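Grab your viewer and work through these exercises with the coordinates loaded. Each one sets a task and then walks through a solution.

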Amino acid sequence: RDPYAGGRVTFAVSRNAKVYLKAGYTNARIKATVNEGGVVTSDAANADGIRGGIGAQIALGGKAYVGGEYRYSDYDDGLKRHQLAVSVGTRF
């Protein structure tokens with residue numbers, strides 16, 4: 001799990017395209033399982049951090065859109081995550 005709470009600022013770059021910047025708090029649950037010679041050991045921990053991102057959405061017509069987003073998260077103990085997300089949606 002990787003819940004995120006934050007905000008974003010959106011800028012119109014044309015009639016059909018928008019870009020946005022986002023920032024906020026994130027918390028990741030990290031789980032690991034090791035099998036060493038038939039002995040299985042598992043552990044889990046939470047990591048708090050900050051997330052920043054940039055994205056874009058392009059209107060397809062009507063209320064439909066497609067988008068893409070890059071996310072960077074920096075957690076406790078030096079853990080970092082880079083993510084790419086693609087979206088298809090509708091506004092209501």
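Before we start, one cut-off: a residue is buried under 20% relative accessible area, exposed over 50%, and partly exposed in between. Keep in mind that this is a predicted model.

**Exercise 1. Classify Arg81 as buried, exposed or partly exposed, and work out which residue its side chain pairs with.**

Step 1: Take the relative accessibility of Arg81, which is 33%. That value falls between the two cut-offs, so Arg81 counts as partly exposed.

Step 2: The side chain of Arg81 meets that of Asp2 in a salt bridge, with N to O at 2.7 Å.

Step 3: Widen the view. Asp2, Arg51 and Arg81 are linked in a network of salt bridges.

**Exercise 2. Describe the surroundings of Glu69: where is it, is it buried or exposed, and what does its side chain contact?**

Step 1: Locate Glu69 in strand S4, which covers residues 64-75.

Step 2: Apply the cut-off. Glu69 comes out at 10% relative accessibility, so Glu69 counts as buried.

Step 3: List the polar contacts. The Glu69 side chain has one with the side chain of Lys22 at 3.1 Å, and another with the side chain of Arg71 at 2.5 Å.

Step 4: Side chains of opposite charge can pair when their charged atoms come close. Here Arg71 and Glu69 do form a salt bridge, 2.5 Å from N to O. Arg71, at 23% relative accessible area, is partly exposed.

Step 5: Leaving out residues up to four places away in sequence, Glu69 touches Tyr20, Lys22, Ile54, Gly55, Gln83, Leu84 and Ala85. One of these, Gly55, is also the bridge partner of Glu69.

**Exercise 3. Work out how S4 pairs with S3 and with S5.**

Step 1: Start with S3 (residues 39-61). S3 and S4 run antiparallel and are joined by 12 bridges.

Step 2: The hairpin of S3 and S4 has 2 residues between the strands, and Gly62 takes a positive phi near 65°.

Step 3: Move to S5 (residues 80-90). S4 and S5 are antiparallel as well, over 11 bridges, and Tyr72 stands opposite His82 in S5.

Step 4: Inspect that turn. The S4 and S5 hairpin has 4 residues between its strands, with Asp77 in the turn at a positive phi of about 60°.

Step 5: Look for a charge pair. Lys80 forms a salt bridge with Asp74, and their closest N and O atoms are 3.2 Å apart. At 44% relative accessibility, Lys80 is partly exposed; Asp74, at 25%, is partly exposed as well.

**Exercise 4. Find which residues form the nonpolar patch on the surface, and which elements give two or more residues to it.**

Step 1: Pick out the members: Val9, Phe11, Val13, Val19, Leu21, Ile54, Tyr70 and Leu84, together about 740 Å² of accessible area.

Step 2: Sort by element. Strands S1 (4-12) and S2 (17-36) are the ones giving two or more residues to the patch.

Step 3: Zoom in on one member. Val19 lies in strand S2 and, with a relative accessible area of 30%, is partly exposed.

Definitions and conventions: Residues are numbered from 1 along each chain as its sequence is written. This is a predicted model: local features need pLDDT of at least 70, side-chain atom pairs count only at pLDDT 80 or more; totals for chains, interfaces and linings use all residues. Side-chain values use heavy atoms; hydrogens and water are left out. Buried means under 20% relative accessible area, exposed over 50%, partly exposed in between (1.4 Å probe, protein chains only). A polar contact is a pair of N or O atoms within 3.5 Å; within protein, one must be able to donate a hydrogen and the other to accept it, and residues adjacent in sequence count only if both atoms are side-chain atoms. Contact means heavy atoms within 4.5 Å. Two strands pair if DSSP finds at least two bridges between them. Patches are made of residues with over 30% relative accessible area and no salt bridge: like charges are joined within 9 Å, nonpolar side chains (Val, Leu, Ile, Met, Phe, Trp, Tyr) within 5 Å. Accessible areas come from the Shrake-Rupley method with a 1.4 Å probe; for residues, only the protein chains shown count as cover. A salt bridge is a side-chain nitrogen of Lys or Arg within 4 Å of a carboxyl oxygen of Asp or Glu.
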